[in-house]
Amino acid sequence: MQDNIRGNGDIMELPKDPFMLMSVINMKLRDCYKSLDVLCEDMDIDRAEICNTLSQAGFEYSEEFNKFF
């Protein structure tokens, strides 16, 4: 997984901890993006890698709710 994500010109490091990662991704989805695909494209993040990392921690993405549970 890339170490940085970009949004609105800002660069921030992705958390390594899966619970923190889920929190950051869900916040971005809630506040800025209509889907995980749009977030990943805009921030140049590998969707499969994020889903795999979060899946290993027990989280799955819901397209209906646009968040990880």
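This report describes the overall make-up of a predicted protein model and then two of its local features.

**Overall architecture**

The secondary structure of the protein chain consists of three helices and four strands. Read from the N terminus, these elements follow the order β-β-α-α-α-β-β. The protein chain has 69 residues, of which 36% are buried. Among its contacts with a separation of 6 or more, 43% join residues 24 or more positions apart. The accessible surface of the protein chain is about 4500 Å², and carbon and sulfur atoms contribute 48% of that surface.

When residues up to four places away in sequence are not counted, Asn-66 touches Leu-29, Tyr-33, Lys-34, Ser-35, Leu-36 and Tyr-61.

**The cysteines**

Zero disulfides are found in a search of the whole structure. Cys-40 takes part in no disulfide, and the nearest cysteine sulfur, that of Cys-51, lies 6.9 Å away. Seen from Cys-51, the closest cysteine sulfur is in Cys-40, and the 6.9 Å between them is too far for a bond, since a disulfide requires sulfur atoms within 2.5 Å. Cys-40 is also classed as buried, at 6% relative accessibility.

Definitions and conventions
Residues are numbered from 1 along each chain as its sequence is written. This is a predicted model: local features need pLDDT of at least 70, side-chain atom pairs count only at pLDDT 80 or more; totals for chains, interfaces and linings use all residues. Side-chain values use heavy atoms; hydrogens and water are left out. Contact means heavy atoms within 4.5 Å. Buried means under 20% relative accessible area, exposed over 50%, partly exposed in between (1.4 Å probe, protein chains only). Helices (H or I, at least four residues) and strands (E, at least two) are DSSP runs, numbered from the N terminus. Accessible areas come from the Shrake-Rupley method with a 1.4 Å probe; for residues, only the protein chains shown count as cover.
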